[in-house]
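Reader: I want to learn how to read helix packing. Please take me through it.

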Amino acid sequence: MKQLPEGFLWGGATADFQYEGGFNEGGRGLLSHDFETDGSMENPRHHTFQMPDGTILKPRSSFSYADPVPNEAKPVFLDDEYYPSHQAVDFYHHYKEDIALMAEMGFNVFRFSICWSRIYPLGDEETPNEEGLKFYDEVISELEKHHMEPLITICHDEMPMHLALKYGGWSNRFVIDCYVKYCKTLFERYGKRCKYWLTFNEINAVRGFGPCGTKESDGKVRYQADHHMFVASAKAVILGHQMMPGSMFGTMYAMSELYPATCKPEDMFKRLQARRENWYFIDTMARGYYHPYAKSVWKHHGFDSLEITEEDKEILKEGQLDFVSFSYYRSNTVKKDDPWFNVGGSSNPYLENTPWGWPVDPLGLRHCMNEIYDRIQKPIFIVENGMGAIDQADENGYVEDDYRIDYLQKHLSAMADAINEDGVGCLGYTMWAPIDLVSLSTGEMKKRYGFIYVDMDDKGNGTLKRTKKKSFNWMKHIIETNGKALDEKL
């Protein structure tokens, strides 16, 4: 039987810069993602910056720590470029309609991120933007109306652009105080209405969240920025527990399963080394201390130590996470001679791939769930999982997405097996993304994930009309039966 435990949380997940829109409305400030253009697999996204000599720089990397710019550079918008975060798919003006559609599916939780620059437009001012706070008041009220729990991501791969350029982003310890002030504002405003919080999104994959303020993209700068984020997260957890008794905090990690390419001992050991690139983040934040292997991770990135104070150590210990949340889309393989941090991995001849080359591996999800729960022994929460595909809508916007139903049926069944057969403690599942939105990696709309089709193309053109896909009613039935219907044949 695939039926899930009573109280299991079913829902969907989004990110503000990919979904919300409302750029330059309601007092919202500039966000580090606002200067990212659209792109494709063949033409990567870039930031646009005006350098001190007046020239325009377009770094190829979507993540700014890999192509840092001087602090005195200024972000610019170019007339011939499209910046997807400005409109996204306009949840800002469609939130009532969107939440009603999610409720119709039976969601009892909705994971969304709060836009930091909508609350503190610059990030270092003392007074928050009341209009921004009111917007999320209204979103939460709409969720309450439909009996849905908010699952709030406090920082989703972003920060106010002012903090990124003036202070060098998370490479500067000062940003910790800005983040904690931001958190306190959220807890004061929404704390009595929100139980579940995520301090950061995919902290192990998208690191720095803004230029690090250095011309050298060396490992120590990035890992020092990570440490500042660890401390900021722990401070938020401590503060949240004080202000909101009964609240639960997690951080979200990208958790592709990782296999050795062969059973050669060298490949097996390489897998252990590469996997520690993920465990480094989870162990530190969920256990509250740096594991001894951290030094070997640092060494492989070209440095021997970080600036970690005794006070930092106490904060990490006290501010441990209550649960571990993660995204799961794919698995990878690794072999002896692969780079130390092996993101793409080697090909796996036993798996089929999505149109974007991501291996489809439902059993890998069960593997990940067991691996995390065995190691950390705290509840887990699957907060992103889904299949990006090119959906072909008919003249009415309807999509026959049987491929998505097949993908989800297999992954949700693997999840149920991990919970029911393996004894993994899992709080819930929020699918990425319930409504089509802009892709993080490419800035495209054609890479669609949702149960609900949005009429918009890669350049933001379209009516933004929402239409239910075939998978909408299928998922509704799964939720109605609390997973029992996963046993039914497709």
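This is a predicted model: local features need pLDDT of at least 70, side-chain atom pairs count only at pLDDT 80 or more; totals for chains, interfaces and linings use all residues.

Reader: What describes two packed helices?

Author: The angle between their axes and the distance between the axes. Here, helix α11 (residues 362-376) and helix α12 (residues 402-420) have axes that come within 8 Å and cross at roughly 30°. Helices are DSSP runs (H or I, at least four residues), numbered from the N terminus. Axes are lines fitted to C-alpha atoms over the stretch in contact, with angles from 0 to 180 degrees between N-to-C directions.

Reader: How are α11 and α12 oriented to each other?

Author: They are therefore roughly parallel (angles under 35 degrees). The crossing of α11 past α12 is right-handed (near helix turned clockwise from the far one by less than a right angle).

Reader: Which residues make the contact?

Author: Pro362, Leu365, Arg366, Met369 and Asn370 of α11 contact Lys410, His411, Ala414, Met415, Asp417, Ala418 and Ile419 of α12 (heavy atoms within 4.5 Å).

Reader: And where do α7 and α10 lie in the chain?

Author: Helix α7 covers residues 219-243 and helix α10 residues 310-318. Their axes come within 8 Å and cross at roughly 50°. In α7, His227, Phe230, Val231, Ala234, Lys235 and Ile238 meet Asp312, Ile315, Leu316 and Glu318 in α10.

Conventions: Residues are numbered from 1 along each chain as its sequence is written. Side-chain values use heavy atoms; hydrogens and water are left out. Helices (H or I, at least four residues) and strands (E, at least two) are DSSP runs, numbered from the N terminus. Angles under 35 degrees count as roughly parallel, over 145 as roughly antiparallel, 65 to 115 as roughly perpendicular and the rest as oblique.
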